Amino acid sequence: MATLSSLPSTLTELADKYWQQLVSLNPDVEQLDDAQRSATLQAFAMSDFIAKSCIAEPQLLLDLWQQQELSSPFDAKALASELQQRLATQINDVAAQKVLRQCRRKQMVRIAWKELCLGQAAEQSIVQLSELADLLVQQANHWLYQQCSKEWGTPVNAAGEAQPLVVIGMGKLGGHELNFSSDIDLIFCFPENGETEGARRSIANQQFFIRMGQRLIQLLDQRTRDGFVFRVDMRLRPFGDSGPLAISFSAFEDYYQHHGRDWERYAMVKARVLNGQHELDDELKQMLRPYVYRRYIDFSAVQSLRSMKAMINSEIRRKGLKDNIKLGSGGIREIEFVVQAFQLIRGGREPSLQTRSLLQALEQLAQLGVFTDEEAQMLRRNYLYLRRVENALQQFDDQQTQTLPTDEINQQRLVVAMQQNDWDSFYEQLQTVHQEVNDFFQQAIGEEEQQAGKAEPVYEDLWHCGAKREELTQVMASLVDEQERINPRVEALYHFMHALERRQIGQRGRQTLERLMPCLLQQLLTHEQVDLVLPRVMQLLERIVQRTAYLELLAENPGALQQLLRLCAGSAMLADMLANYPILLDELLDPKLLFSPVEPESYRSQLREFMLRIPPEDMEQQMEALRQFKQIQTLRITAADIAGALPLMKVSDHLTAVAEVIVEAVVEQAWLQITERFGKPSHLEQGERGFAVIGYGKIGGIETGYGSDLDLVFLHNSESSHYTDGEKSIDAKQFYLKLAQRIMFLFNTRTASGVLYELDMRLRPSGSSGLLVSSLEAYADYQRQQAWTWEHQALVRARPIYGDSDLCEGFGKVREEILSRPRQSAELQAQVIEMRDKMKGHLSRESEHIFDLKQSAGGMVDIEFLAQYLVLANAAESKELMRWSDNVRIFEVAGELGLLTAEQTLGLIQAYLDIRDEGHRQSLQGQPRLVERQRFDLDLSVVCQAWQQFLPRANADSAP
């Protein structure tokens, strides 16, 4: 290993600064001898974390030398005993937090020092980090269990046997493979249901363990003056964030039997009980074995492996990962993935593969002949090399990072830690490792890529013309007979090729274009809708031409290329979306997903999975992920729409369902962010929000379209006397105002993936001048006394889309009360007609032969106003009219009640669907809602006749 004298001057100067700072705080460190001081300076030079820890707690450095911690082996048993004794004297959580954090800091400094400066192997550090995490979690669990039992009684089963909180370690912790600054993935369980005994009031075991679990997370995760123990991630538990924090073994087993997914099988390979009780760990193994390991050689897993491989590549492209030694191409995760893949495939027949340790599994795969000895040795060597790089990166400042540094100091540290001469030598060595790993990864589980056939020579010639109009025209003339078709096609190609000349495209990108473009041009120029598709695809390629990964995706996946052409032909809107957000190209890989959208009820669980691995505190990444989820689902819905797999009404159902789950996710994000600052309103019970979102307009009527904004109104149920329970307490009304502002911020902020949805809040009481969020009582009072007739019309299409049940029920009662008011027929007619005529005068773009699908007489708005009039005029006598918020079912009920004839009912519904369908098609192609009037003569006559019957415009003169 390097010595202090061999370090670059920038590092030694930094070490001297840290040393002077330490001496000024604790002159006792001057008693260290020259060798100890030199070693300390070397450690300070290599790690800000070591230096800052010693400065924050100067006695720590003296203890390391005096107790010979740096020269003695790691003794987990002795450390556990010492920690248990220290915790036994603590009487509250705050004191216990301090003990745990001081222990963690000292041991992490020791491990970082030994690996960075004393040559300790990464394999040893990984084991020591895992053992340290085990004993910290175990001792925290044991101490807290005693405290909670004193407060709430001891949880017991039906036989009176005490029940423990079973802490299951997942991921690297479960496999004894923890990295230096890793968070820890945990799941909380308990053996059997029952109640506590020994306290004045019994509570259910599950309630006991949920409360205890919450305190255990705080004990480990909460950042104090002494730092934290571990960042705790509970999102791998059954049902993720929406599942209970602790469940019984029987509920745990039932979940994986009935709901477990492919990625959860991978996760459960490493699941391990951390309690130190072997019988509990054996029980967990027995419980999970049938789910994780099939009794036969599980070749059915191969397809899911390939899907997961595509997800890895998608994430690399989505996040633009560069120089990430874990997630990037040839990184740690590819090694973990390929080993776990073969564990799942063969583990049912080969019990030796049912190990949580990657290195042990690798050894067994070689013994079984699945990998050759050379392959296993290569993977082991490169895995430990990458883990060593990962640890070093994190030991520099105790940061959870796997990305190579860009600053000089940390680059120099990494060069020293990896025993290289300079950065270029290290980087070259690292790239060799990545290449070896990725080559094996692709060979081991990569599916045979279907190679596109070679294009005909004329398309090779067309590509090689470059940005030369005359040559392009000449070659194009050999392909196209009609002269008027040549110029537009030449212009589309020229524009793209001219743009290429101005772009910096690396050698790999140029090679990919050479493979892709002749075949693509052949498909484009022989496409039946070539004049639609060609400019759209060229625009897309121009956007992605500097992102080689996307070019390779199209070059190596002919199926994806065919889907791209199909979608671009079917929708200009979709073509623009793909051009603006090329990460969506990953969705083209699986036609089954693309053209067969899930049931609307599944979007909530899909969104939960999509958000699962994003840290809750990373607001920016959460916002970006929500936008990506919306775009992906919109792409799939549009694809199914284009393919004819979804009729119009179902398209709206799907788009509405996506919007609703996103509203729910945004409100929950905003809730977490605001309650973190101010606490929650004191009048709320556990799990309550005291808040509701009312959907109006398209989302309220379950008629959301591709470009629809969201008409929303926010309600709360607090009173002026309520305050929040946080350190910074505010009154509840102010809390809900801040919550509403945060929701709007999360929706409206433009990220790399655009705006989530445009929100329209003008239907709230008093419109744009009114409060952003109203109490239910104030909302009801406004509707009763101040709202205009057009606001009552809007209420016809309103429904709760998020909120506590009591608040949603309260809104329903207000809606019913307002809509069922007795109204004077003539006055209502006049007011509806007046508002309709104002809208038509301001917004219609019709002409003698052109029909505005939305605003012309007989169009969409006329139909909607007619439905709203029927409700307002008749709901006092016929409450059934208020049941639905969508136009089709309102007309159906009106027909059943005899307000419309059977012929009128069918005619109005058909006219509505025809006009909506045409508007929908125009939106897909990016066209305005204007069509030839004669195409809709029949629909117009049905609507206009109904208007003349119910809302004769001659009555407009009598409007007040």
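**View 1. Contacts of Arg215.** Arg215 touches Asp93, Leu144, Gln147, Cys148, Glu151 and Trp152, leaving out residues up to four places away in sequence; contact means heavy atoms within 4.5 Å. The model is predicted: local features need pLDDT of at least 70, side-chain atom pairs count only at pLDDT 80 or more, and totals for chains, interfaces and linings use all residues. Residues are numbered from 1 along each chain as its sequence is written, and side-chain values use heavy atoms, with hydrogens and water left out. Arg215 lies in helix H9 (residues 205–221); helices are DSSP runs of H or I with at least four residues, numbered from the N terminus. With a relative accessible area of 16%, Arg215 is buried (buried means under 20% relative accessible area, 1.4 Å probe, protein chains only).

**View 2. Helix H4 and its cover.** Helix H4 (residues 58–66) is largely enclosed by the rest of the structure, because 7 of its 9 residues are buried. The buried residues are Pro58, Leu60, Leu61, Leu62, Asp63, Leu64 and Trp65. Their cover includes helix H1 (9–25), helix H2 (34–46), helix H3 (48–56) and helix H6 (93–117). Just after H4, Gln68 takes a positive phi of about 55°.

**View 3. Crossing of helices H30 and H32.** The axes of helix H30 (residues 648–678) and helix H32 (residues 732–748) come within 9 Å and cross at roughly 130°. This makes H30 oblique to H32. Axes are lines fitted to C-alpha atoms, for helices over the stretch in contact, and angles run from 0 to 180 degrees between N-to-C directions. Oblique covers the angles left over when those under 35 degrees (roughly parallel), over 145 (roughly antiparallel) and 65 to 115 (roughly perpendicular) are set aside. Among the H30 residues in the contact are Ile662, Val666, Trp671 and Phe678, and H32 contributes residues including Phe735, Leu739, Arg742 and Phe747. The residues of this contact divide into 14 nonpolar, 3 polar and 2 charged.

**View 4. Nonpolar cores.** The largest nonpolar core has 147 residues, and those with the most contacts inside it are Trp113, Ile168, Phe188, Phe252, Met268, Leu414 and Phe426. A nonpolar core is a set of buried Ala, Val, Leu, Ile, Met, Phe, Trp, Tyr and Cys residues joined through side-chain atoms within 4.5 Å. Helix H7 (residues 122–152) gives the largest share of this core, 12 residues. Apart from neighbours within four places in sequence, Phe252 is in contact with Ile168, Ile187, Cys189, Pro238, Ile247, Met268, Leu284, Met287 and Leu288. A second, separate core of 116 residues includes Ala569, Leu684, Tyr757 and Tyr802.

Conventions:
Helix = DSSP H or I, 4+ residues; strand = E, 2+ residues; numbered from the N terminus. Buried < 20%, exposed > 50% of the residue type's maximum accessible area, 1.4 Å probe, protein only. Nonpolar A, V, L, I, M, F, W, Y, C, P; charged D, E, K, R; others polar.
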